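Here are some notes for your first reading of this model. Please keep the structure open beside them as you go.

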Amino acid sequence: MLKVFRRIRKKSIAEKKVRNYILYALGEIVLVVIGILIALAINNANELSIKREKEQIYLIGLRDEFKTSQIKLKELISFNKQSYEDSKKILAYMVDPENLPNEQELANLLYNALAFDISFNPNNSLLMEMINSGSLKDIANPRLRILLSNWISNIEDISKQEMMLANERDNILDMFRSEENSIKTLYDLTGVSDELGIPASSDRTSNRNLLKSKEFENNMLMFILTSIKTETVHYNPLMQSIVEILKTIDNEINQ
């Protein structure tokens with residue numbers, strides 16, 4: 001009988017050791033898993049921190065670029081507006097033949113209307129670098145990513161419009177290459193000849209006959225229409241886009 005109790009006691013001790021071993025092993029596994037999870041969390045936090053720092057650098061650079069582009073666009077809108085407003089003044093003289101401008105005033109109006117290329121050249125170096133390298137994905141705000149992507153397509157559309165505007169301006173300038181009109185008169189009266197070191201003509205050809213030309217009127221009307229459409233349909237919405245982009249960037253930059 002005593003032997004039976006001894007065997008039961010040994011078996012109980014053995015079973016207790018197994019249970020303890022199993023509990024110990026399970027504890028070790030839990031600790032290892034917890035350690036791995038903590039290490040992963042720390043690593044993810046470090047990667048996220050690095051990513052956010054990189055994003056902040058991009059955001060600050062983009063803000064500088066778009067602020068510069070905003071200044072350029074404001075100046076371009078002003079040039080374009082002066083161009084078509086002076087063109088409209090020329091047309092106003094054409095419908096009032098009793099009140100024609102003198103040669104000096106006409107030269108100034110023509111020069112202001114036609115002398116300057118209207119072409120938007122935004123600062124896109126950083127944005128293009130981000131797009132080409134795939135770094136646009138580092139911008140966390142999805143709305144901002146869409147705005148930046150749309151910006152490039154908008155610039156391409158505007159370039160096409162500006163080419164149309166340049167073509168309309170060239171149609172007018174081509175009329176000064178004929179025998180009836182004179183670019184030299186424009187140069188002399190607006191000071192361009194002095195800037196280029198070209199002697200002034202002693203016998204100038206008048207350009208006032210242009211005000212009686214239906215071809216000139218038609219070309220001016222097309223030029224004015226294209227200039228105004230360039231402003232209202234392209235430049236003004238583009239300015240609104242810049243404002244929205246800058247506002248979104250400012251909200252994402254850590255203050």
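1. A residue counts as buried when its relative accessible area is under 20%, as exposed when it is over 50%, and as partly exposed in between, using a 1.4 Å probe and the protein chains only. By that rule, 36% of the 255 residues of the protein are buried.

2. This is a predicted model, in which local features need pLDDT of at least 70 and side-chain atom pairs count only at pLDDT 80 or more, while totals for chains, interfaces and linings use all residues. Residues are numbered from 1 along each chain as its sequence is written, and side-chain values use heavy atoms, with hydrogens and water left out.

3. The protein has seven helices and zero strands, where helices are DSSP runs of H or I with at least four residues and strands are runs of E with at least two, numbered from the N terminus.

4. Contact means heavy atoms within 4.5 Å. Among the contacts in the protein with a separation of 6 or more, 83% join residues 24 or more positions apart.

5. Ser69 lies in helix α1, which covers residues 2-94. Is Ser69 buried or exposed? Ser69 counts as buried because its relative accessibility is 0%. Leaving aside residues up to four places away in sequence, Ser69 touches Phe120, Pro122, Asn123 and Ile242.
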